[in-house]
Amino acid sequence: MAVQADGVTKEEVKTQFTTVEGTYEVVPGSEYSRPNRIAYNSAGGSGSSPPVRVSFVCLPESSSSVNSNNDDRTKICFNYGRELFIYTYRGLRKAADLNKPIDKRTYNKDEVATSHDFNTVTAGQERGGNVSLIVGLLGGQLQLIDPITKEVNKAYNSGERLIDKSKVTCVRWVPGSMNQFLCSHQSGNMYLYNEELVCAVDRPHYQLFKQGDGYSVYTCKTKTTRNPLYRWSIGEMAINEFSFSPCSKYLAVVSQDGFLRIFNFDTMDLIGSCRSYYGGLICVCWSPDGRYVVCGGEDDLLTIWSFNERRVVARGAGHKSWVTVVAFDPYTTLYGEMDGVVDVHNEESCNRNNCNYGTSERGGKYRNKPPVPNSRPNSVVSDGLNATCYRLGSVGQDTLLCLWDLKDDYLRQSYYRPRSSTVVSVVGTSISVNNTSSTTITTTTTNPSANSTQNSAKSSNHVKDDSSHHTTLSANLLTSKLASLNFGEKRDKNDKDHKRSLSLAGRNSSSNMSKKEVRNASNSSSSTMATGDSLSHKNSSKSSIGTPQCPRLDECPLLEPMVCKKVGHERLTGLVFREDCIITACQDGCIHTWCRPGKQPGGGGGGGGGGGGHHSSPSSSSGGMSQMAQGGTVV
């Protein structure tokens with residue numbers, strides 16, 4: 001522990017940490033930042049500059065260059081303040097040359113880069129391929145850049161910004177597409193562009209194309225096809241981030257209203273949703289096999305949503321401030337035999353409990369190659385093999401890097417309540433409160449003791465049909481309101497370092513509610529309760545607490561990270577898992593490279609990670625498997 005001048009202790013920034021597979025260490029020579037970067041000063045600050053984002057692309061091997069390697073072909077792009085940098089990423093064994101960027105751009109204060117993404121499809125072409133970088137700006141503009149030629153090929157929503165004048169929060173190329181990209185704005189709208197088309201000269205006119213609960217899709221009404229192709233209006237607040245599934249058929253969107261929404265990107269249908277414990281959701285990612293969606297946000301928690309079961313199956317508690325980035329590590333995921341696992345890439349197979357992969361209307365089949373047994377795990381689900389333990393990483397504004405091990409069979413446990421919970425049952429027109437060992441809220445008109453026995457059955461019988469569950473739950477609003485009053489949240493003694501009074505929980509917790517508010521909540525039986533995936537009602541965020549879309553903390557597994565280390569001076573804004581390293585980005589503009597065990601420059605062991613060019617598999621250590629057996633520590 002380091003001691004400041006005022007006597008207040010603070011945790012030191014770590015340069016290494018140990019997991020079950022070995023020791024991860026920072027590589028000093030692989031640090032990327034702006035040239036002539038000023039050392040960190042505790043009196044300074046990052047101000048209100050956009051978060052530092054990191055993008056990678058690997059170019060195909062050139063036939064003219066015999067000595068070209070993967071390190072020289074990999075490009076890294078990151079933004080800091082008003083500047084955007086593109087470098088050649090030289091990996092672990094070559095020092096970064098910060099004085100020779102491939103391209104550097106400086107924007108004015110109204111056109112600061114906020115998000116960017118490389119087109120891996122065009123960059124992967126051996127002949128005639130180009131490096132296309134799409135950049136979203138603070139004023140809502142979009143730029144298509146070729147960093148090799150250092151030219152701005154095209155600009156979208158420029159000039160008077162007739163399409164949208166709010167900040168671009170996220171921009172991504174559509175997987176498998178050479179010319180389509182999707183961008184979200186702070187206004188709550190998403191737009192689909194085609195880089196080969198121009199934007200309308202006048203303000204675009206839209207006509208309704210599709211509408212659902214909490215969202216609408218519009219097309220641009222013009223005589224000739226122009227940008228934007230579609231406009232998605234989702235919720236009533238800003239869209240913070242979105243992510244495509246590994247099969248590219250589904251789209252996960254998180255918003256400031258606290259909702260995670262899962263869409264079928266081809267049919268534009270809403271197929272699932274959940275919400276945060278409180279506050280907005282900031283980040284989202286898919287598991288390598290597409291079976292789970294993880295999001296984080298202002299509730300300081302990780303929310304794990306099951307695609308197959310359409311419900312929240314677990315939450316993770318380890319951060320002391322907002323979670324800014326979540327990402328799965330596909331290179332340390334463990335695989336085993338398939339055991340009745342439903343393929344999530346095909347909706348019909350999910351309903352039939354089948355295991356056949358589906359197809360995408362845009363790109364055909366997305367069946368992945370199987371990992372070879374006893375080798376480094378692959379990043380995909382394969383024929384006959386299934387991910388049994390997921391490695392998940394998260395970073396936040398608390399400067400902490402957290403690593404989680406999520407065991408699949410643990411995530412597939414039943415939806416339960418503790419033995420000390422209160423079960424509210426409705427018999428006829430009367431209401432009785434019983435303290436039993438029931439695992440769920442009973443809202444039917446049968447015997448409460450019978451329901452207690454039935455609801456202790458398997459998870460498959462309980463979560464078989466979400467829509468019927470919510471239909472039954474919404475039949476008795478007063479029962480749900482009384483159940484929601486049982487809002488006891490267990491606080492860990494170590495949570496005192498986190499100032500809850502500054503977050504939404506501190507202002508909206510039950511301890512701060514007045515008696516009048518509690519009395520009004522129990523007596524209000526005239527409002528309509530939001531059910532299932534219905535998001536159109538304003539009170540849906542309150543009434544969804546205690547449902548599979550937003551379980552209380554005592555109604556689902558609460559996991560703790562296996563690693564939780566302070567790795568930066570400023571808030572962390574980026575996390576990328578690569579085959580030989582982990583990349584973290586800090587708001588002070590510094591990008592660190594953490595080499596994996598056995599990948600140290602010069603072939604060093606680095607803490608027993610194993611030599612050679614292979615990772616030390618967690619399965620090779622019996623002690624490591626004992627730590628991973630439960631998929632993280634359960635509170």
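**Strand β26 and its neighbours**

Strand β25 (residues 301–306) pairs with β26 in the antiparallel sense over 6 bridges, where strands are DSSP E runs of at least two residues, numbered from the N terminus, and two of them pair if DSSP finds at least two bridges between them. This is a predicted model, in which local features need pLDDT of at least 70, side-chain atom pairs count only at pLDDT 80 or more, and totals for chains, interfaces and linings use all residues. Residues are numbered from 1 along each chain as its sequence is written, and side-chain values use heavy atoms, with hydrogens and water left out.

Biologist: Which residue in the turn of the β25 and β26 hairpin has a positive phi?

Modeller: The two strands form a hairpin with 4 residues between them. Across the pairing, T303 stands opposite R315 in β26. In the turn, a positive phi of about 60 degrees belongs to R310.

Biologist: Which residue of β34 is the bridge partner of G316?

Modeller: Strand β34 (residues 558–560) runs parallel to β26, and 2 bridges join them. Within β34, G316 has as its bridge partner L559.

Biologist: How many residues of β26 are buried?

Modeller: Buried means under 20% relative accessible area, with a 1.4 Å probe and protein chains only. Strand β26 covers residues 311–317 and is mostly covered, the buried count among its 7 residues being 6.

Biologist: How far from C285 is the nearest cysteine sulfur?

Modeller: A disulfide is a pair of cysteine sulfur atoms within 2.5 Å, and by this rule the count comes to 0. C285 is in no disulfide, and the nearest cysteine sulfur, that of C283, lies at a distance of 7.5 Å.

Terms used: Buried < 20%, exposed > 50% of the residue type's maximum accessible area, 1.4 Å probe, protein only.
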